[in-house]
Amino acid sequence: MDDKKSIGLAVVSEISGRPAGELQPSQNLVGDLGIDSPKALQLLLLLEERLDIEISDEDAAQMDTVGDILDYLGARA
Amino acid sequence: MKVNPDSRFGRLTLSLAGHLARWLLLGLSATLRARVVEGAERLEQVRAAGSPVILSFWHDRSFLSAAFLYRALHLRGLHITLLASQSRDGEMVTRMVKAWGIDTVRGSATRGGRAALRAIHRAVTRKSSSPIMIPDGPKGPARSFKVGVAVLAQTSGAPILPLGFAAEKPWHLRSWDRMIVPRPFSRVAIVVGEPRHVERDLDADTLEDERRRLEALLDQVTRRAEDSVGGHLTPPADTSEAEQAGATDAR
């Protein structure tokens, strides 16, 4: 796993409170990990800050699962 | 009557309703004897500084607050953004405040919340706009402070400005929050609380503690406003809109 994806996974782990090792690409951010709107805001801001990127609203709207985030970060690598 | 906001008839109806509500609100407000009974200097500091604050009050005070915020802050140069729900009520409110030149972002905790909260965050951090965030809106439970407002303060750095509103012997609508409508020519009291910053590095438990403190703070300023018009802060209605859908007739 490349650096960006590792950082992304660490951020999801930090926001959801689940160990990174337990996270699966298929897990839904809201339904499985309880990442509601406030947590999603924290997640997106933290990803932007740690990776020094800007995530567009269109891209953010497509992020429903852990895998969506990892795929997005992989595509930006 | 159900109105489809996407139809031509629906748009026209909502537009007319928005204009009517705006004129009713302004007309009624013009008769009120409104006074800031505590914290007038804080309001002045906010207006003079021009830095964004998160304007917060309970949902049942929305009607009371609207004309005051428009006149005391928006017309005096503070850029305001309103978070309005994606419901028909939210559509009407949006049309009403747009005519005043106030920006709106549409969404709520239940619909479009992620994008809406992000848009509000951007309005604060990039446009220095002060958002109106009603922490128990749009559907309650009444006087329950949703954590999203605290997170917005935490991540944007803007403090929350707690506002208490009360009217003398008001009417109550039969909505989930028993929305307060002032009687014409009655006294209205406004209490402006101390702006409260939310620290950036809070863990989930500490953030929950902060959310409870903010809830208590908003109750406190509302209670003080009630005290000054001879009213009292009743226990919150233990219903949300989901439990008490639709009823909005004046009691």
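**Figure 1. The interface between chain A and chain B.** About 1,300 Å² is buried between chain A and chain B, and carbon and sulfur atoms give 53% of that area; buried area here is the accessible area (1.4 Å probe) that two parts lose on being put together, summed over both. The model is predicted, so local features need pLDDT of at least 70 and side-chain atom pairs count only at pLDDT 80 or more, while totals for chains, interfaces and linings use all residues. Residues are numbered from 1 along each chain as its sequence is written, chains are lettered from A and ligands numbered from 1 in the order in which they are written, and side-chain values use heavy atoms, with hydrogens and water left out. Chain A brings 18 residues to the contact and chain B brings 15, where contact means heavy atoms within 4.5 Å.

**Figure 2. Polar contacts and the chain A side of the interface.** Eight residue pairs, both residues at pLDDT 80 or more, are in polar contact across the interface of chain A and chain B. A polar contact is a pair of N or O atoms within 3.5 Å; within protein, one must be able to donate a hydrogen and the other to accept it, and residues adjacent in sequence count only if both atoms are side-chain atoms. On the side of chain A that touches chain B, the elements giving two or more residues are helix 2 (37-51) and helix 3 (57-61) of chain A. Helix 2 of chain A provides the largest share of that side, nine residues. Helices (H or I, at least four residues) and strands (E, at least two) are DSSP runs, numbered from the N terminus. Sorted by class, the side of chain A that touches chain B has ten nonpolar, three polar and five charged residues. In this scheme Ala, Val, Leu, Ile, Met, Phe, Trp, Tyr, Cys and Pro count as nonpolar, Asp, Glu, Lys and Arg as charged, and the others, Gly among them, as polar.

**Figure 3. Salt bridges between the two chains.** The term stands for a side-chain nitrogen of Lys or Arg within 4 Å of a carboxyl oxygen of Asp or Glu. Take a look at A:Glu48 and B:Arg118, whose closest N and O atoms are 2.7 Å apart in a salt bridge. A:Glu48 lies in helix 2 of chain A and B:Arg118 in helix 5 of chain B, so this pair joins two chains. A:Glu48 is buried at 15% relative accessible area, and B:Arg118 is buried at 6%; buried means under 20% relative accessible area, exposed over 50%, and partly exposed in between (1.4 Å probe, protein chains only).

Figure 4. B:Arg122 sits in helix 5 (residues 113-127) of chain B and is buried, with a relative accessible area of 18%. Its side chain makes a polar contact with the side chain of A:Asp57 at 2.7 Å. Not counting residues up to four places away in sequence, B:Arg122 touches A:Ile55, A:Asp57 and B:Lys127. A network of salt bridges links A:Glu48, A:Asp57, B:Arg118 and B:Arg122.

**Figure 5. Two salt bridges within chain B.** B:Arg76 and B:Glu44 meet through their side chains in a salt bridge (3.5 Å, N to O). B:Arg76 lies in the loop between helix 3 (62-74) and strand 3 (80-84) of chain B, and B:Glu44 in helix 2 (residues 40-49) of chain B, so the pair ties together parts that are 32 residues apart in sequence. B:Arg76 is partly exposed at 42% relative accessible area, and B:Glu44 is partly exposed at 33% relative accessibility. The side chains of B:Arg143 and B:Asp219 also form a salt bridge (2.7 Å, N to O). This pair links distant parts of the chain, 76 residues apart: B:Arg143 is in the loop between strand 5 (130-132) and helix 6 (147-156) of chain B, and B:Asp219 is in helix 7 (residues 204-228) of chain B. B:Arg143 is buried at 11% relative accessibility, and B:Asp219 is buried with a relative accessible area of 15%.

**Figure 6. Aromatic pairs in chain B.** Over all chains the structure holds four aromatic pairs. Rings of Phe, Tyr and Trp (its six-membered ring) pair if their centres lie within 6.5 Å; planes under 30 degrees apart count as stacked, over 60 as edge-to-face and the rest as tilted. The ring centres of B:Phe57 and B:Phe165 are 5.6 Å apart with planes at 85°, so this pair is edge-to-face. Both B:Phe57 and B:Phe165 are buried. B:Trp58 and B:Phe145 form another edge-to-face pair, 6.3 Å centre to centre with 80° between the planes. B:Phe57, B:Phe68 and B:Phe165 form one aromatic cluster.
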